[in-house]
Amino acid sequence: MMALRRIYAVLRKEFRQLVRDRVTFGMIVGIPLMQMLLFGYAINQDVRDLRAAYVDLANTSASRQLIAELDASQIVNFVAPARSAEELRERIDAGDINAGLYIPGDFERRLQDPSRPLAQLLINGADLLIVSTAMQARQFPFDARLGSRSIDRPATIDTRVLYNTEGKSVVFIIPGLIGVILTMTMTLFTAVAIVRERERGNLELLITTPVRNLELMIGKILPYIAIGLIQVTLVLIVGVWWFEVPFRGDLLNLYLGALAFIMATLTLGLLISTAARSQFQAMQMTMFVFLPSILLSGFMFPFEGMPKFVQYLAEGLPLTHFVRIARGIILRGADLQQLSGELMALGLFFVIALGISALRFRKRLD
């Protein structure tokens, strides 16, 4: 009986401590709810309406009908025409579109010959789910008219997968994995930085020095930038040498993109550290941010399959932009000019997060 009373006393103490710890209590309720909402509404492997462009050299009523029926099939969503096949390839390289339809000038002669494909579809092979969706366009019923005649034949379309012709999942995973590793480590490192100083009693000493709040924040993140670049190098060596992931872009461009992402992620950790009261709370908050970053960034699940409001939410996560940068440079050979929008988003996040962190730090300790 005495043992049961002691166990009950410890149980009651732990329960009261959990109730007082609002962050932990919020995690108990928030993480299951967030997972249910994300997997129920945001995560969708049935990708439809892939962003696409087309080149119609035939420019006939039958070729326009093919474009209209493909667009109505919900396989692709033609956002704009292109002038040439080279422009289609450039737009896929830049990440503007995921598929490009090329209709040759002899379209009507091909229409009368069932042995010849009517057109060619270029597909972004960096995402295997996008490939499987676009492959549905290879054949579908097509009732075209040539003058007064009606030609009923399958619309055979030749498909060409770019960047990942063998369909290896590791080629799709490794570039995004760089961002996932950096998100977990960089955010966690800086999330506990300020909290650790407070718990050890060093923060009071820093306050009495001439170091300003913004200077302290910048000084905290600078050592971890080098650590982040080392991690990028390790993942690249293993990915390219061991897993044979093709590297088609410029190495300097990748490091510059990684540098922008590391700085944005480190300021995210600083922002967490200004809200946490202990290192344990900082780690809890880090995991709370880490989960939606993985699920909504396009690393595991296709961005195009998410509802619009979830896509807007994902645009506010640094990992979303770096996944596009890493896959664009490594797999498609894109340059920083083509990815300037993603870099600007990371820079904006860095400035806002660093400014808020400095303001919150002063407000809490003045």
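Gln 74 counts as partly exposed because its relative accessibility is 42%, where buried means under 20% relative accessible area, exposed means over 50%, and partly exposed lies in between (1.4 Å probe, protein chains only). This is a predicted model, in which local features need pLDDT of at least 70 and side-chain atom pairs count only at pLDDT 80 or more, while totals for chains, interfaces and linings use all residues. Residues are numbered from 1 along each chain as its sequence is written, and side-chain values use heavy atoms, with hydrogens and water left out.

Gln 74 sits in the loop between α3 (61–72) and β2 (76–81); helices (H or I, at least four residues) and strands (E, at least two) are DSSP runs, numbered from the N terminus. Most residues other than glycine have a negative phi. Gln 74, however, has a positive phi near 70°, and Asp 49, also a residue other than glycine, has a positive phi near 55°. Asp 49 lies in the loop between α2 (22–42) and β1 (50–56), and with a relative accessible area of 36% Asp 49 is partly exposed.

Leu 50 belongs to strand β1, and at 0% relative accessibility Leu 50 counts as buried. Which residues does Leu 50 touch, not counting those up to four places away in sequence? They are Ile 75, Val 76, Asn 77, Ile 130, Thr 133 and Ala 134, where contact means heavy atoms within 4.5 Å. Leu 50 and Ile 75 are 25 residues apart in sequence, yet their C-alpha atoms are 6.3 Å apart in space.

For the protein chain as a whole, there are 15 helices and seven strands, and 47% of the 366 residues count as buried. Among contacts between residues at least 6 apart in sequence, 75% join residues at least 24 apart.

We can now turn to the helices. Two packed helices are described by the angle between their axes and the distance between the axes. Helix α7 (residues 169–191) and helix α8 (residues 193–200) pack at an angle of about 30°, with their axes 4 Å apart, which means that α7 is roughly parallel to α8. Axes are lines fitted to C-alpha atoms, for helices over the stretch in contact, and angles run from 0 to 180 degrees between N-to-C directions; angles under 35 degrees count as roughly parallel, over 145 as roughly antiparallel, 65 to 115 as roughly perpendicular and the rest as oblique. Phe 189, Thr 190 and Ala 191 in α7 meet Ala 193, Ile 194 and Val 195 in α8.

The buried residues of α12 include Phe 290, Ile 294 and Leu 295, and α12 is followed by Gly 298, whose phi is positive, near 90°. α14 is mostly covered, with twelve of its 13 residues buried, among them Pro 318, His 321 and Arg 327.
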